[in-house]
Amino acid sequence: MDLRPLGRSGLSVPPFCFGGNVFGWTADEATSFALLDRLLETGFTFVDTADVYSRWAPGHQGGESEAVIGRWLKDRGARDRLTIATKVGMDMGEGRKGLRAAYIEEAVEASLRRLGTDRIDLYQSHADDAETPLEETLAAYDRLIRAGKVRAIGASNYSAARLREALAVAARENLPRYECLQPGYSLADREGYEAELEPLCREEGIGVISYFSLAAGFLTGKYRQAGAAAGRAREVRVSPYLNPRGLAFLDLLDAVAREHGATPAQVSLAWLIARPGLTAPIASATSVAQLDELLAGVRLALDPAAIARLDEASRGSLKG
């Protein structure tokens, strides 16, 4: 498999990252273990999670995903074969949130305990914290890198202006820089990333791992009418796409998929993987069969004409 450099971090990763938000939530532990086993078997050993996953679920406190990964790592003895990305900063309750140095140093220890490891490959600021000086946050990460607890750092949900400012602070203060950006980006939602973040990342050599790569399931093609996602975990996120433009785009996606002997999800992932500057899309699955479908999409090569048709039809956003 061809690996891709993750920014200038020295890390190299497969062109697909598995979204670990499902572990311990919509995928129980046995299913989560089976999914991780399949990733290991196929060499797609890049997994993204966060300390807050899955605090939103009834009865959960956060840390469930990391804990499942940690138990799997211990059971399989596979730590050296997995590239682990996790995140810090979202509200964990009782004032535990943000990017203050003291909190980062507390949170990383909790993540390391749950993961059952002595190091995190990619540690990401889950969201910008405008109340904390960038110098303080980056200095905390510097100490973690020097201690061997973190190998590289990244940012998620940062604006281009704040990412540019963070890069400038890192250069000026001789601190580690964000080597990776995790933005929401897909064929259904392009403008937020492409307008300013994409050119900045390409100019600075920053890796990009996109989340919501399948627009919360809309780009799988299984939701095609109002109420189709009712009662599902992704209902709120899918509904805005169920409008005339979004549905017309699904028809085009179907056509391209038929031409390539593929599924809409596979085409959507292949389009992202072919995007210049994008390192690896993030997507999740709740069964091994779903995962196998996604991995087939990673291997799919779209012809230039198909990419151009998808580009033209999806410019901006498909949200109504």
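Two strands pair if DSSP finds at least two bridges between them. Helices (H or I, at least four residues) and strands (E, at least two) are DSSP runs, numbered from the N terminus. The model is predicted: local features need pLDDT of at least 70, side-chain atom pairs count only at pLDDT 80 or more, and totals for chains, interfaces and linings use all residues. Residues are numbered from 1 along each chain as its sequence is written, and side-chain values use heavy atoms, with hydrogens and water left out.

**View 1. Strands S9 and S10 pair in the parallel sense.** Two bridges hold this pairing. Isoleucine 209 has alanine 280 as its bridge partner in S10. Strand S10 covers residues 280-283. Ala280 and Ile282 point one way from it, and Pro281 and Ala283 point the other way. All four are buried (under 20% relative accessible area; exposed is over 50%, partly exposed in between; 1.4 Å probe, protein chains only).

**View 2. Strand S3 runs parallel to S10.** S3 spans residues 17-19, and two bridges join it to S10. Which residue of S10 is the bridge partner of phenylalanine 18? It is alanine 283.

**View 3. Eight strands close into a barrel.** Their order is S3-S4-S5-S6-S7-S8-S9-S10, and the pairing is parallel. From one strand to the next, the twist averages 25°. Leucine 122 has alanine 152 as its bridge partner in S7.

**View 4. Helix H1 packs with helix H11.** The axes of H1 (residues 29-42) and H11 (residues 288-298) come within 9 Å and cross at roughly 30°. Axes are lines fitted to C-alpha atoms, for helices over the stretch in contact, and angles run from 0 to 180 degrees between N-to-C directions. H1 is therefore roughly parallel to H11. Angles under 35 degrees count as roughly parallel, over 145 as roughly antiparallel, 65 to 115 as roughly perpendicular and the rest as oblique. The crossing is right-handed (the near helix is turned clockwise from the far one by less than a right angle; anticlockwise is left-handed). H1 brings Ala34, Leu35, Arg38, Leu39 and Thr42 to the contact, and H11 brings Val288, Leu291, Asp292 and Leu295. Contact means heavy atoms within 4.5 Å. By class, six of these residues are nonpolar, one is polar and two are charged. Ala, Val, Leu, Ile, Met, Phe, Trp, Tyr, Cys and Pro count as nonpolar, Asp, Glu, Lys and Arg as charged, and the others, Gly among them, as polar.

**View 5. Helices H9 and H12 are roughly antiparallel.** H9 (residues 244-259) and H12 (residues 304-314) pack at about 175°, with axes 10 Å apart. From H9 come Arg245, Phe249, Leu252, Leu253, Ala255, Val256 and Glu259. From H12 come Ala306, Arg309, Leu310, Ala313 and Ser314. Eight residues of this contact are nonpolar, one is polar and three are charged.

**View 6. The loop between S9 and H8 holds phenylalanine 212 and alanine 216.** Phenylalanine 212 is not a glycine, but its phi is positive, about 50°. Alanine 216 also has a positive phi, near 55°. Alanine 216 is buried, at 13%.

**View 7. A cis peptide bond joins tyrosine 53 and serine 54.** Omega is about 0° here. Serine 54 sits in the loop between strand S4 (46-48) and helix H2 (64-76).
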